[in-house]
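Please open the structure in your viewer and keep the selection tool at hand.

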Amino acid sequence: MNFSAILRWGFALCLALSLTIGASPAGAVPKPLTYDEIVGTGLANKCPDVSEGSRGRAVIPMEVGKPVELYNLCLEPTNFFVKEEGNNKRKKAEFVPTKLLTRATSSLDFIQATVTLQPDGSLKLVEKEGLDYQPLTVQMPGGERVAALFSIKNYVGVSQPGLIGLTTSADFEGVTEIPTYRGASFIDPKGRGLAIGYDSAEALPAKKDEYEASIKKDEFLQGKLSMQIEKINSATREIAGTFECEQPSDTEFGAFAPKEVKMRGVFYAKVR
């Protein structure tokens with residue numbers, strides 16, 4: 001064997017060894033991030049995603065009357081709008097984009113829900129429990145700040161009929177409950193509250209009912225939420241898609257009229 005053949009053989013061996021050492025094993029699980037790598041980055045506020053699946057094709061079959069469970073349901077709002085009244089009577093009120101101020105704590109997560117196939121082929125989604133509401137604040141273009149409680153509490157949504165299970169063409173529409181933004185122990189600048197504080201802060205307490213700010217109401221409002229499944233991985237039983245929610249803002253226990261808030265974003269869930 002001459003010197004050139006030995007050189008070629010050695011070069012090929014070194015190249016093969018370098019490729020073998022540098023390549024990662026197939027299907028290797030990525031190393032999880034530590035707390036220090038996540039804190040302050042906003043990664044904890046993001047929902048997972050489904051890498052595979054196409055709208056209108058993938059399906060997780062279901063039987064009529066036998067519910068399946070959605071767990072680790074996560075909703076991440078990405079766009080926020082507030083309805084702003086027009087400057088004059090001719091201009092209609094319209095939703096304007098706003099800036100989210102509570103950037104790292106706006107998502108809902110660890111939610112459990114059930115989905116049941118109805119006799120007409122429609123799907124009924126019922127929220128059960130989890131981190132199903134989150135206070136947030138947005139800022140309108142003029143500088144006004146609007147507080148709202150993003151909520152999927154007690155949500156009941158129904159899809160269109162004619163389905164055979166969870167498909168990438170299923171669209172849910174329903175109503176969700178919006179609890180009060182403030183707790184019962186909150187008191188306003190005049191010391192009035194629901195469970196604590198003064199009943200009124202007027203000079204004539206007998207006329208307190210004439211002032212809306214003195215009448216504290218602990219009531220649930222309602223919002224509309226629609227969810228569209230766009231991705232399904234039948235092998236891992238994961239679903240993902242988009243949602244749109246319209247709900248009222250905070251009313252300070254009924255002290256003032258709420259504004260209309262619209263949120264759009266993405267969601268993710270696992271099925272079992």
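Begin by selecting Cys-47 and Cys-74, both of which are buried, a word used here for under 20% relative accessible area, with exposed for over 50% and partly exposed for what lies in between (1.4 Å probe, protein chains only). This is a predicted model, in which local features need pLDDT of at least 70 and side-chain atom pairs count only at pLDDT 80 or more, while totals for chains, interfaces and linings use all residues. Residues are numbered from 1 along each chain as its sequence is written, and side-chain values use heavy atoms, with hydrogens and water left out.

Show the sulfur atoms of Cys-47 and Cys-74: they are 1.9 Å apart and form a disulfide, defined as a pair of cysteine sulfur atoms within 2.5 Å. A search of the whole structure finds one disulfide. The torsion about its S-S bond is about -75°, so the disulfide is left-handed. Because Cys-47 lies in the loop between helix H2 (35-38) and strand S1 (59-61), and Cys-74 in strand S2 (residues 68-84), the pair ties together parts that are 27 residues apart in sequence. Helices (H or I, at least four residues) and strands (E, at least two) are DSSP runs, numbered from the N terminus.

Next, select the open sheet whose three strands follow the order S4-S7-S8 with antiparallel pairing; two strands pair if DSSP finds at least two bridges between them. Strand S4 (99-100) and strand S8 (145-151) stand at the edges with a single partner strand each, so one side of each has no neighbour in the sheet. Between strand S7 (residues 133-139) and S8 there are seven bridges, and Leu-136 can be found opposite Ala-148 in S8.

A cavity is a set of points, on a 1 Å grid over the protein atoms alone, where a 1.4 Å probe fits but cannot get out, and lining residues have an atom within 4 Å of a point. The largest cavity holds about 110 Å³ of space.

Finally, select Leu-70, Leu-73, Leu-125, Phe-172, Met-227, Ile-229, Ile-239 and Phe-267, which line the second largest cavity. The elements giving two or more residues to this lining are S2 and strand S12 (221-233). About 40 Å³ of space lies in the second largest cavity.

Note on methods. 1 Å grid on protein atoms, 1.4 Å probe; cavity = no way out; pocket = protein on both sides within 12 Å on 5 of 7 lines; lining within 4 Å. Points joined across faces, edges and corners; volume = space filled by probe spheres on them.
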